[in-house]
Amino acid sequence: MVTDDTDLLRIVELGKSYRSRERNVDALAGITLSVRDGEFVAVVGPSGCGKTTLLKIVAGLLPASTGEVFLAGRPVTEPPADLGVVFQEYGRSLFAWKTVRQNVELPLRHRGLGRAQRRELVAEALDAVGLAQAAQAYPWQLSGGMQQRVAIARAIAYRPRLLLMDEPFSAVDAQTRGDLEDLLATLWRRYAMTVLFVTHDIDEAVYLGQRVVVLGAAPSGIVAQFPIDLPAVRDQIGTRSAARFGELRAQVYAQVRRTPEPTSPQPHEVTTR
Ligand code: ADP
Ligand code: MG
């Protein structure tokens, strides 16, 4: 395996089987993927292909069956400190009886930071997601999109080097979703984070990613990868209506569906670094 100093995340020959007395489920098989420091990688694949399993292992929440994960060169065996995670079910990930500020502050309490420093980080994170005015509100008083902003603020408050996101916007309406995608792109740039973003939405993967990784059906391996050569700064109308966006989306779609694509050029070689 070739190592590269600029890789923040290295996933090596990762496999996962869920074993119980009743049945075994092979979820992941031989995933090898490296993500450069500062890169935005979108992982796309059909429902049930193992996307959540992959993120849970990278987050140190679930042990791998085979293979290894390295974050900044260190093997991941428990949730790493410099990691932020946003899951799909924001409703369940926020504490209803705590205010927005308290929800965002919670992970900071375990970091040995002083009260003033925590307050400052929380205020800055809430400001970054446009929720400075909602600090004293309770999650149940907010819309789904605002709740997901709280979850994002909580994940970025302590400036993680790696942000993992599991279909974070799939439960909100289309308008809100576009706003959240653009907010994420802005935060990624501003904080120079590395993002591993999982989605079943091909358009979203192409819109957000610098690279799109396609997972096959379970037990999943990587079936294709596409560098996304769209302009760095994207916008919902211009980018999505660009001819190149349509071409990339069609190429990714063909791989997800595993159907040959008669008119477009062949997709890039499968490359796993
Ligand atoms: P995705 O997020 O892409 O929809 P998952 O990672 O949730 O896929 O699931 C991948 C496969 O592993 C599915 O077949 C799913 O049923 C199975 N699976 C997920 N979690 C468990 C578990 N805790 N026990 C047994 N099987 C599981
Ligand atoms: Mg999932």
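1. The protein is divided into domain 1 (1–82 + 161–273) and domain 2 (90–159), with bounds that come from an automatic or database domain assignment. This is a predicted model, in which local features need pLDDT of at least 70, side-chain atom pairs count only at pLDDT 80 or more, and totals for chains, interfaces and linings use all residues. Residues are numbered from 1 along each chain as its sequence is written, and side-chain values use heavy atoms, with hydrogens and water left out.

2. The C-alpha centres of domain 1 and domain 2 lie 26 Å apart. Domain 1 gives 16 residues to the contact and domain 2 gives 14 residues, where contact means heavy atoms within 4.5 Å. About 1200 Å² is buried between domain 1 and domain 2, and carbon and sulfur atoms give 69% of that area. Buried area here is the accessible area (1.4 Å probe) that two parts lose on being put together, summed over both.

3. The largest nonpolar core has 56 residues. A nonpolar core is a set of buried Ala, Val, Leu, Ile, Met, Phe, Trp, Tyr and Cys residues joined through side-chain atoms within 4.5 Å; buried means under 20% relative accessible area, exposed over 50%, and partly exposed in between (1.4 Å probe, protein chains only). Helix 6 (residues 174–191) supplies the largest share of this core, seven residues. Helices (H or I, at least four residues) and strands (E, at least two) are DSSP runs, numbered from the N terminus. The core draws at least three residues from each of domain 1 and domain 2.

4. Among the residues with the most contacts inside the largest core are I152, L187 and V206. Leaving aside neighbours within four places in sequence, V206 touches residues including V212, I228, F245 and V252. A second, separate core holds 28 residues, among them A27, V35, L54 and V76.

5. Strand 1 (residues 7–19) and strand 2 (residues 24–36) run antiparallel and are joined by nine bridges; two strands pair if DSSP finds at least two bridges between them. A hairpin of four residues connects strand 1 to strand 2. L33 in strand 2 is the bridge partner of I11.

6. R211 lies in strand 9 (residues 211–215). At 10% relative accessibility, R211 counts as buried. Its side chain makes a polar contact of 2.6 Å with the side chain of Q225, a polar contact being a pair of N or O atoms within 3.5 Å; within protein, one must be able to donate a hydrogen and the other to accept it, and residues adjacent in sequence count only if both atoms are side-chain atoms. Beyond its neighbours within four places in sequence, R211 is also in contact with residues including L33, V35 and F226.

Notes
Chains lettered and ligands numbered in written order.
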